[in-house]
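Here is a short briefing on how the inside of a protein model is packed. Look at the structure first, then work through the points.

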Amino acid sequence: MLAADFSRLAEETTMVNGSLADWFHLDVMDGQFVPNISYGFPVIEAIKRHAIKPLDVHLMIASPEKYIENFRNAGADIITVHYEACTHLHRCLHQIKETGAKAGVALNPHTPVELLSDVLEDVDLVLVMSVNPGFGGQKFIYRALSKIERLKTMMIERNINAYIEVDGGVGLQNAERLLQAGANVLVAGSSVFGAANPTEAIARMKSIGAIT
């Protein structure tokens, strides 16, 4: 939703409701963890009032543990925090689960998936960043493909059934390769809202197996 027209937020939300997309992906940025500020509780609450699909809230913020309950109360169904922002990641993941939301952890492009070894059983979702977080419309970093493959192998070896989500530069040009690598949730922003027909763009993504 970061790429949506915020002067028409209710209409954009209704469009996603009527499309084949499964989730709303909301990028929250604080100007500290990433060099940008996006939106917070009021915008999430506004989207929640119109949304009929789950809200997947991606916290690109410092000290996310301070705000977990607030984001859940604002309407988040999935809350994803960054490995790099959490001193006590295990505690934070269980804090999310205690609110009733699904817990996700995100990895920046430079962060190896192997660092999640000791919390992998505790997550519902792993978000692999395929751009550096902070801004929409960036170019896809293709090294993310090998990270997804390694993560998928780790999950298979340990019989873990968590989502593998990819965010950043995702579109029709790379969606199939991402799915083949092991991803099963694709976040598409600019490639959808920048299209002449966003609903059709979503349908084309879904036609090759994309989930979000």
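Leu26 touches Met1, Tyr39, Ile44, Ile47, Leu55, Asp56, Val57 and His58, leaving out residues up to four places away in sequence. Touching, or contact, means heavy atoms within 4.5 Å. This is a predicted model: local features need pLDDT of at least 70, side-chain atom pairs count only at pLDDT 80 or more, and totals for chains, interfaces and linings use all residues. Residues are numbered from 1 along each chain as its sequence is written, and side-chain values use heavy atoms, without hydrogens and water.

**Nonpolar cores**
- The largest nonpolar core has 61 residues. (Such a core is a set of buried Ala, Val, Leu, Ile, Met, Phe, Trp, Tyr and Cys residues joined through side-chain atoms within 4.5 Å.)
- Helix α5 (residues 144-157) gives the most to this core, with six residues. (Helices are DSSP runs of H or I, at least four residues; strands are runs of E, at least two; both are numbered from the N terminus.)
- Leu26 is among the residues with the most contacts inside the largest core, and so are Met1 and Val57.
- Another core, of eight residues, lies apart from it and includes Ile78 and Met129.

**His82**
- His82 is found in strand β3 (residues 78-82).
- His82 is buried, at 0% relative accessible area. (Buried means under 20%, exposed over 50%, partly exposed in between, with a 1.4 Å probe and protein chains only.)
- Beyond four places in sequence, contacts of His82 include Phe33, His58, Leu59 and Met129.

**Ile68**
- Ile68 lies in helix α3 (residues 68-74).
- Ile68 counts as buried, with 0% relative accessibility.
- Beyond four places in sequence, Ile68 is in contact with residues including Leu59, Val81 and Cys92.
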